[in-house]
Amino acid sequence: MPVNWSRRTALSTGAVALTLALGTFVLANPAYAVEPTGNDKGASSDPQGGSDETGIYAAARIQYSGAVAKGGSGNVASSDVNWTPPPCWYAPYLGAKDFKKKMSKDIDTSKNTPGMGGTAGSAIGELERHYEDDYGWTDTPGYKDYNVEKDGEGMFWAGVENPDEPDYLKRKSCTDLPFWVENGEAPPPQHEEAITPEMLAALAYQHMELPDTEVTLAPEAITKVNLPTWAWLDDAAFDEVQATAAINVPGFNIEATTTATPKSLTLDPGTEDATTIPANGECPIVDGRIGEPYAKGRSDETPPCGIVYGRSSNGGTFPLKASLTWEISWTGTGQAGPVGLPDGTIEAVQDITVQEAQAVNR
């Protein structure tokens, strides 16, 4: 039964009324969890929640594995300030019987809440008709008895907040009413935020934990004015790093693996009275390494990666900032080959003392 815009708005109002009255509505109960493993370089989660005799999970949890943080965001910053992971998404939530049990209970409780009348009360009634009496509109069908006759053939999907999204309004923006998706079918196209492998890749990126950037210097911590300071990275820094995010529930299984590979090192001397080698401060990977280790007898040579300080630090230190750039791509369900994502960076600061002497024993 089609309804006009005011009716559709009323249904949304009903959802809001339930949320305010109970605080337990689907949209306020994110299907998100990460449980740490014994490995300090990874974390994972399992599908959790209630299930009935059909074995249908009552909630779809994103599972993380590989080089990911134990909880919350990882340590990678995107080089593209305009790129962000999804603030929210829609994902499988409940089978039909479980959804009916949950939603009908919430609706009944809300209808009997003191003061729940007027527009809010009417909206809750419209919401009840939507799931019980096949009350829908042009692009959104209603449901008969919460689709219990199709239990096991699909799941209701609902909004999920990204707990690591700092913008409250963005985090709360997936406000569509829970909708039905048949097993093996794509979500209705109007729900643009329905979870996809590309979104999982972005979430894996957000949770990725890359090795700290520690640049080896010669001289190590105390250098001299006008003396080239050599800089290089240990070979261990060039290991490829991967993180995977997946959703696996009956009838819906997708995953994406995000891969990070070291690309270049950028040095910021911490003072304008210094020059970098190369001049732009970016040391690329050459023959599988960044920079070259200093060796005795090379003090008169120009390092392929380094810094020359033009003045002393006057008894203090200069904050040398080293930023390692990682090239990031992803592969996943239905994707033929790797797809590029914005580069990621890891920064570290080391205190450098610069003295006035013109020579140093190394």
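**Cavity**

I looked up the lining of the largest cavity and found 13 residues, of which Trp157, Val181, Glu182, Gly251 and Phe252 lie nearest its centre. For this I took a cavity as a set of points, on a 1 Å grid over the protein atoms alone, where a 1.4 Å probe fits but cannot get out, with lining residues having an atom within 4 Å of a point. The elements that give two or more residues to this lining are β6 and β7, and β6 gives the most, with 3 residues. I use element names for DSSP runs numbered from the N terminus, helices being H or I of at least four residues and strands E of at least two. By class, the lining divides into 7 nonpolar, 4 polar and 2 charged residues, where Ala, Val, Leu, Ile, Met, Phe, Trp, Tyr, Cys and Pro count as nonpolar, Asp, Glu, Lys and Arg as charged, and the others, Gly among them, as polar. The volume of the largest cavity is about 60 Å³, taken as the space filled by probe spheres set on grid points that are joined across faces, edges and corners. My search of the whole structure found 1 cavity of 30 Å³ or more.

**Basis of the values**

I note that this is a predicted model, in which local features need pLDDT of at least 70 and side-chain atom pairs count only at pLDDT 80 or more, while totals for chains, interfaces and linings use all residues. Residues are numbered from 1 along each chain as its sequence is written, and side-chain values use heavy atoms, with hydrogens and water left out.

**Disulfides**

I found 2 disulfides in the structure, a disulfide being a pair of cysteine sulfur atoms within 2.5 Å. Cys88 is joined to Cys174 with an S to S distance of 2.0 Å, and the torsion about their S-S bond is about 80°, so this disulfide is right-handed. Because Cys88 lies in strand β5 (residues 88-94) and Cys174 in the loop between α4 and β7, the pair ties together parts that are 86 residues apart in sequence. Both Cys88 and Cys174 are buried, which I read as under 20% relative accessible area, with exposed over 50% and partly exposed in between (1.4 Å probe, protein chains only).

Cys283 is joined to Cys305 at 2.1 Å, S to S, with a torsion of about 85° that makes this disulfide right-handed. I place Cys283 in strand β14 (residues 282-286) and Cys305 in the loop between β15 (289-290) and β16 (306-309), so the pair ties together parts 22 residues apart in sequence. Cys283 is buried at 1% relative accessibility, and Cys305 is buried at 1%.

**Salt bridges**

I counted 11 salt bridges, each a side-chain nitrogen of Lys or Arg within 4 Å of a carboxyl oxygen of Asp or Glu. In one of them, Glu161 pairs with Lys172, the closest N and O atoms being 2.7 Å apart; Glu161 sits in strand β6 (residues 154-161) and Lys172 in the loop between α4 (168-171) and β7 (179-182), 11 residues apart. Glu161 is buried, at 13% relative accessible area, whereas Lys172 is partly exposed, at 34%. I also found Glu161, Arg171 and Lys172 linked in a network of salt bridges.

Arg298 bridges to Glu292, with the closest N and O atoms 3.1 Å apart, and to Glu301, with the closest N and O atoms 3.0 Å apart. Glu292 is partly exposed at 31% relative accessibility, and Glu301 is partly exposed at 35%.

Definitions and conventions. 1 Å grid on protein atoms, 1.4 Å probe; cavity = no way out; pocket = protein on both sides within 12 Å on 5 of 7 lines; lining within 4 Å.
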